[in-house]
Amino acid sequence: MNYTTNDNRRDRRSYAVLDVELLNANDEYAAYKKQDPRPAELRWPFRRVCAAALMTFTVTEDGQFEFGHFESWSEGGEAVILRELFLRLRMLPDYQLTTWGGLSCDLLVIRLGACEHGLRLPRQLVHGARDRG
């Protein structure tokens, strides 16, 4: 049984699929645990991006799938990985972003990393941007 949905709107023809891998910031979490008498379990504020991958594809006018590119970044630390990812996303302004686990964790960690490293988010990662509705 096929569960895929083909969104035929003109502004939804090209897609970028993002996946990030995260590491726990154990030293930061340990410092937090010392300060909080009832600490929460390790959650997204104590995770950092250690790798990212982006795959692009397009659905043609006749509904055919066209593979675009696959890129990944894993060297240089979180700041470098995010900078390279953001640069690539800026080169794809009309691509709809899709993620695995994005809203519940990945996008939160990416945004936190951007703040920590002074990086400007690409438009696909700006929630509620005026031009995205």
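Glutamate 28 is partly exposed, at 38% relative accessible area. Buried means under 20%, exposed over 50%, and partly exposed in between, with a 1.4 Å probe and protein chains only. This is a predicted model, where local features need pLDDT of at least 70, side-chain atom pairs count only at pLDDT 80 or more, and totals for chains, interfaces and linings use all residues. Residues are numbered from 1 along each chain as its sequence is written, and side-chain values use heavy atoms, without hydrogens and water.

Glutamate 28 forms a salt bridge with arginine 48, with the closest N and O atoms 2.5 Å apart. A salt bridge here is a side-chain nitrogen of Lys or Arg within 4 Å of a carboxyl oxygen of Asp or Glu. Glutamate 28 lies in helix H1 and arginine 48 in strand E2, so the pair ties together parts 20 residues apart in sequence. Helices (H or I, at least four residues) and strands (E, at least two) are DSSP runs, numbered from the N terminus. Arginine 48 counts as buried, at 15% relative accessibility. Glu28, Arg48 and Glu116 are linked in a network of salt bridges.

The count comes to four salt bridges. Another one joins arginine 88 to glutamate 71, at 2.3 Å between the closest N and O atoms. Arginine 88 sits in helix H2 and glutamate 71 in strand E3, 17 residues apart. Arginine 88 is buried at 13%, while glutamate 71 is partly exposed at 26%.

Helix H1 also carries aromatic residues. Tyrosine 29 and tyrosine 32 both lie in this helix (residues 26–35), three residues apart, about one turn. Tyrosine 29 and phenylalanine 46 form an edge-to-face pair, 5.3 Å centre to centre, with 70 degrees between the planes. Rings of Phe, Tyr and Trp (its six-membered ring) pair if their centres lie within 6.5 Å; planes under 30 degrees apart count as stacked, over 60 as edge-to-face and the rest as tilted. Both tyrosine 29 and phenylalanine 46 are buried.

Phenylalanine 70 itself counts as exposed, at 55% relative accessibility.
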